[in-house]
Amino acid sequence: MKSKLILYLWCMCTFSACTSSGKGGKEETLYSGEIRIAVDESFKPIMEEELQVYHALTPEALITPIYCSEVEAVNLLLKDSVRLAVTNRRLTEEELISFHTRKFFPESILMALSGVALITHHSNPDSLITVEEFRRIATGETTEWKGLNPDSKLGCIQVVFDNPNSGTVHYVIDSICQGKPLSPSLKALKSNEEVIDYVATTPDALGVIGANWIGNKTDTTRLSFNQRVRVMSVSGNRKATPENSYRPYQAYLALKKYPLTHEVYILINDPKGALPTGLMTFLTRECGQRIILKSGLVPATQPVRIVNVKDDF
């Protein structure tokens, strides 16, 4: 049986390291004021935890998140409606030029490693899939489960995404389909929660969601997933086998063994170096990165250690 891996973060998080006194009143500083930020909805679970801790440590700061599609998050940043956004991509050259013409110089800062998870109904016996097989499903070349397994008793594959403009969809189009359009038969829902609900009640479904939505919150080792659905193992080889296929455990994300791994970025345009910069600093330092570790993703800016854990029989 393949050994399981646990990822540990070697850092200590203390109150004094994560916060500092800010000026009183309504003046916006690194540690005080009120701002809105835009967050790709696929990162909602982790940002809810991050902001809960940040508000406790920095009581004079009020951060209001806008959970939306990746397209909307970047557009809000471009329009200067927000000064910080969390997405799974960097700013493009065209977007940077748009900022530069207005004398703004934003940054794309790596925050974490995440992945795209493929989930199915518990009654579906197919648990292995290759990247190429997923590509054919996404583009509409394969439409039935028999196309993956001739012995399957299931019918048409009902693929569901979180949002037509989400970072998950863009990742699949750019990195998996290599620019080829998605099949028009694919369904886009409104959130990752709706995807999980749909797959949990639909035997023919294949859900495509952010990896931080599938964790089992009661398991502190992050070695188990949401019990309502089955998480598929994905292989980068031509044929998927138990030996060459991986599920999105933290260690396999860190080692890039899971083929659908991607990066998570903080996009920030804060020329005054005020509260958005303070939040960005929190997210990329010990406290924020420790929360990322607990969420099931991989922290980007802190040392990590990978340990083999073998099951006893």
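**View 1. The exposed and buried sides of helix α4.** On one side of helix α4, Glu93, Glu94 and Ile97 are exposed, in a model that is predicted rather than determined by experiment. Across from them, Glu95, Leu96 and Phe99 are the residues of α4, which spans 93-100, that are buried. Seen down the axis of α4, these buried residues fall within an arc of 100°, so they line one face of the helix. Among the elements that cover the buried residues of α4 is helix α3, made up of residues 70-78.

**View 2. The open sheet of β6, β11 and β12.** Three strands are arranged in the order β6-β11-β12 to give an open sheet, in which the pairing is mixed. Strands β6 (128-130) and β12 (245-246) stand at the edges with a single partner strand each, so one side of each is left without a neighbour in the sheet. Strands of a sheet pair through backbone hydrogen bonds, in either a parallel or an antiparallel sense. Between β11, which covers residues 233-235, and β12 the pairing is antiparallel and extends over two bridges; in one of the pairs to look for, Ser235 has Ser245 of β12 as its bridge partner. Helix α5, formed by residues 131-139, lies across β6 and β11 and runs at about 80° to β6.

**View 3. The packing of helices α9 and α10.** Helix α9 (residues 275-284) packs against helix α10 (residues 286-295) at an angle of about 55°, and their axes are 4 Å apart. That angle makes α9 oblique to α10. On the α9 side the contact involves Phe282, Leu283 and Thr284, which meet Cys287, Gly288, Gln289, Ile291 and Ile292 of α10.

View 4. A disulfide is a covalent bond between the sulfur atoms of two cysteines, and the structure holds zero of them. Cys68 has a relative accessible area of 7% and is buried, while Cys177, at 4% relative accessibility, also counts as buried.

**View 5. The protein chain as a setting for the close-ups.** The secondary structure of the protein chain comes to 10 helices and 15 strands, and buried residues make up 53% of its 313 residues. When contacts between residues at least 6 apart in sequence are considered, 74% of those in the protein chain join residues at least 24 apart.

Key: Residues are numbered from 1 along each chain as its sequence is written. This is a predicted model: local features need pLDDT of at least 70, side-chain atom pairs count only at pLDDT 80 or more; totals for chains, interfaces and linings use all residues. Side-chain values use heavy atoms; hydrogens and water are left out. Buried means under 20% relative accessible area, exposed over 50%, partly exposed in between (1.4 Å probe, protein chains only). The arc is that of the directions from the helix axis to the C-beta atoms. Contact means heavy atoms within 4.5 Å. A disulfide is a pair of cysteine sulfur atoms within 2.5 Å. Two strands pair if DSSP finds at least two bridges between them. Axes are lines fitted to C-alpha atoms, for helices over the stretch in contact, and angles run from 0 to 180 degrees between N-to-C directions. Angles under 35 degrees count as roughly parallel, over 145 as roughly antiparallel, 65 to 115 as roughly perpendicular and the rest as oblique.
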